[in-house]
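Q: Can you walk me through this one? Keep it short.

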Amino acid sequence: MPNTSIRRRYVVNGQVQGVGFRPFVYRTALNNSLTGSVRNASEGVVIEVQGPAAAVDGFGNDLVHTLPPLARIVDLEVSELPPVADESRFAIQASSAGKGHSVLISPDVATCEDCLAEMRDPQNRRWRYPFTNCTNCGPRWTITRSIPYDRPATSMACFPMCPECQAEYDDPLDRRFHAQPNACPVCGPRVWFTNADGKELAQGADAMEMLAAWLGGIQDDPPHRPRVAAIKGLGGFHLACDATLSPAVRLLRQRKNRPHKPLAVMVPDLDTARKLAEVDDHAAEILQSRERPITLVRARQDTPLAPEISPDTPYVGLMLPYTPLHHVLLDIYAEQNRLPALVMTSGNLSAEPICLGNREALKRLRSIADCFLLHNRDILIRTDDSVVRPAPDPGNESSVATGPRQTAPKRAPAALEEQGILFMRRARGYTPSPVFLPPAPSGRTAPCVLGTGPELKTTLCLTKGDQAFTSQHIGNMENLSVLEFYREIEKHLRNVLQVRPELIVHDLHPDYMTTRVAGELAAALGRTKDRPHPLPLRALQHHYAHIHAVLAERRHQGPAIGLALDGTGYGEDGTIWGGECLYVDSSTLEHRRLAHFSRCALPGGEAAVREPWRIAQAMLWNLGQRRPEPKHWPWYATQKQACEFLPQMLERGLNCPQTSSCGRLFDAVAALLGLVETITYEGQAAIILEAAQDKNAPDQDSYGCPLVPSPDPGGPAVLDTLTLFQACRKDAQAGTSPGIIARRFHRALVRGLADMAAHFSQEVKVPVVALSGGVMQNLTLAEELPRALRRRGLTPLTHRLLPPGDACISLGQAAWGRRVLLLEADPSQVRAS
């Protein structure tokens, strides 16, 4: 070995296992003529290289700047070692286990072009094989039991590789080198087709052909008999039918008990998507991304889709295939002279988790599906499809730090923030990628905190160092099956991260299931040999958690004005909050309620949420209208008896909780305009109201939404949304069209919110305005409110990594709790702030 040789050790952490990182390191070392080794370890990927100093330096540069497509370096430790004598080659060593790690498990990744080309080549041994993958694509999160990510730790452990697959797996220059799910028709998983009773009718390629024929109805007499299929996919089952056949879509809705909520549609490619919807370049980029989310785009006027796909909105959720199975199915469907557009909605009954296993699906989905496409690769982690929409004004926000620290060569840039997407649901393709938090003070180790999340659209979140891992969408905590799913994910996430929380943060509401689970976990995780007492618990109010979530995403440290706009959240005063202007300091943790929407009663409590006409009548009551007006109350004819009884409830305050909710204001206006009386899914009234807007409507200055002082000395001010409702009422009674009123309502609300934020910005000398809450999924507000704030010289911060709805709550709880422990350990940080 020449005396000029040096030896350098790299420990790489991040998304570096299961993404072709070790083959990349191997090739890079060979290209630089270096010896040494690389291995997966619990501490990360450990690399040692040896050779001339210039070559070693070149390797270090390539390591950071020429990463494989799926790899992401989060942390890179470099140290010098003494050279090793007589080392003659570079080797890939076996993985080693151990306690603790900083490795990120890759999300599941859509099929790459190389694998797709093989699957479409009749001469290739993987022709139409529905489990084709390589290191650049395929399942990851949904098949992983533990770290290090090796085949024995995945659900592929029970599939020994054939000689040809093993040769690919062992060849460092092959793109399937150490591709843990590697398989072929000889040695890998298989598919089969059954009827509703589970009787096998075909397998392999014949199963896919039969499924396509059943869905298309090409063998029926009469033709096109409507059928629903349950298809086992990547993170669970889909329920599928032909998206162009109204009878099939209606049948699926009836059986699934989902009368109106939009259904997602899968198409094979961008050309087909553009036959169905208006897909611009931004939406096309999202649709074709490796995450392959369901993407909301406006349906074409002449769309061939069944009108029942999305009855309440002109937008339709499209996605492209992300597994080989989907590609094969749609290819066959197209060959049978059908437009390849299939409904692909979650395989569950409403309010239940997505089905995971074959036996579970045959039992739970038998009342919905006419047939099943099953396979024998186990799904270990239930994961729904993600849902996004192209975000308005991408890239026009503040330069407040987002994502990982950009101190090269520590981290490679994160692309997600740059994609310009607004999450509606975050799951497959994005989970378990972390949100990067502000670093702990120098010399301190950031504590691990668990945020247990909200009651609806539940997620949970664990912090580790300066990373926050928010789970996939879990659902609404309404039944035992969702609770079990929640417990599965909490345990799995804690195990794969190898962490134990020091604090658990839950919602302020004492009766939420997540609050009860927090107490159970505190007791269970606190019973250790070193610590016999339960873990500490802290409660954080729902809307403060919303604002802490967006501040954590944007890595903003310090004070901000927060506009938290949603349907419901238990308030500190015992009322239901939801239209909130808050002062939040993410550094000192000072919180203050600055203002809220006008309060209104919810006659019947939860019944008012399901029947928005009740809220409209309660607001009319607040305006002094105590007697029914059949001529101007669109709901009176169908709800006459309840209408007559409602004034008694309001007069006595009988089951009439008070709310300042923004979401309930949307509900009331939609009911007032006769657009909706009752709803079948959350947010339906607001969706219909937004869709009803006449965008060409002239503005109306009489639509005011003034900020008025608090009726209580020292209390929060009130954004007078009752006056806004009164303006809508006057226009409706004058015969103004619902489309014009809906447009004026949205404009006035944006104006009132922006003016309120500007007022308090001047008062507290804070120019940053954080926007969160489910109402920010309304495209009109998501586009126009940040623009209005910028016109007033303010800096809006919006979500880019998580949904603005309740799915972000667990992140806000965890980030807040982490800061609580850091401040308790070093109170001087408060003085410094």
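A: Here is a quick tour of strands, helices and cysteines.

Q: What should I know about the model and the numbering?
A: This is a predicted model, where local features need pLDDT of at least 70, side-chain atom pairs count only at pLDDT 80 or more, and totals for chains, interfaces and linings use all residues. Residues are numbered from 1 along each chain as its sequence is written, and side-chain values use heavy atoms, with hydrogens and water left out.

Q: Start with β32. How many of its residues are buried?
A: 5 of 5, across residues 768-772. Buried means under 20% relative accessible area, exposed over 50%, partly exposed in between (1.4 Å probe, protein chains only). Strands (E, at least two residues) and helices (H or I, at least four) are DSSP runs, numbered from the N terminus.

Q: Which side chains of β32 point which way?
A: Val 768, Ala 770 and Ser 772 point one way. Val 769 and Leu 771 point the other way. In a regular strand the side chains alternate between the two faces of the sheet.

Q: Which strands does β32 pair with?
A: One is β25 (residues 559-570), parallel over 4 bridges. Another is β33 (residues 795-797), parallel over 3 bridges. Two strands pair if DSSP finds at least two bridges between them.

Q: Which residue of β32 is the bridge partner of Ile 561?
A: Val 769. On the β33 side, Ala 770 stands opposite Leu 797.

Q: And how does the chain cross from β32 to β33?
A: Through helix α21 (residues 779-791), in a right-handed β-α-β crossover. Right-handed here means that, with the strands pointing away from the viewer, the path from the first strand over the helix to the second runs clockwise.

Q: On to helices. How do α20 and α21 pack?
A: At an angle of about 40 degrees, with axes 9 Å apart. That makes α20 oblique to α21. Axes are lines fitted to C-alpha atoms, for helices over the stretch in contact, and angles run from 0 to 180 degrees between N-to-C directions. Under 35 degrees counts as roughly parallel, over 145 as roughly antiparallel, 65 to 115 as roughly perpendicular, and the rest as oblique.

Q: What about α17 and α20?
A: α17 (residues 662-672) and α20 (residues 738-764) pack at about 160 degrees, axes 11 Å apart. They are therefore roughly antiparallel.

Q: Switching topic: what is the strand order in the open sheet of 6 strands?
A: β19-β22-β21-β20-β23-β24, with mixed pairing. β19 (435-436) and β24 (537-540) stand at the edges, each with a single partner strand, so one side of each lacks a neighbour in the sheet.

Q: How does β23 join β24?
A: Strand β23 (residues 503-507) runs parallel to β24, with 4 bridges. Asp 507 has Leu 540 as its bridge partner there.

Q: Last topic. How many disulfides?
A: 0. A disulfide is a pair of cysteine sulfur atoms within 2.5 Å.

Q: Where does Cys 187 lie?
A: In the loop between α4 (163-170) and β7 (191-195). Cys 187 is buried, at 12%.
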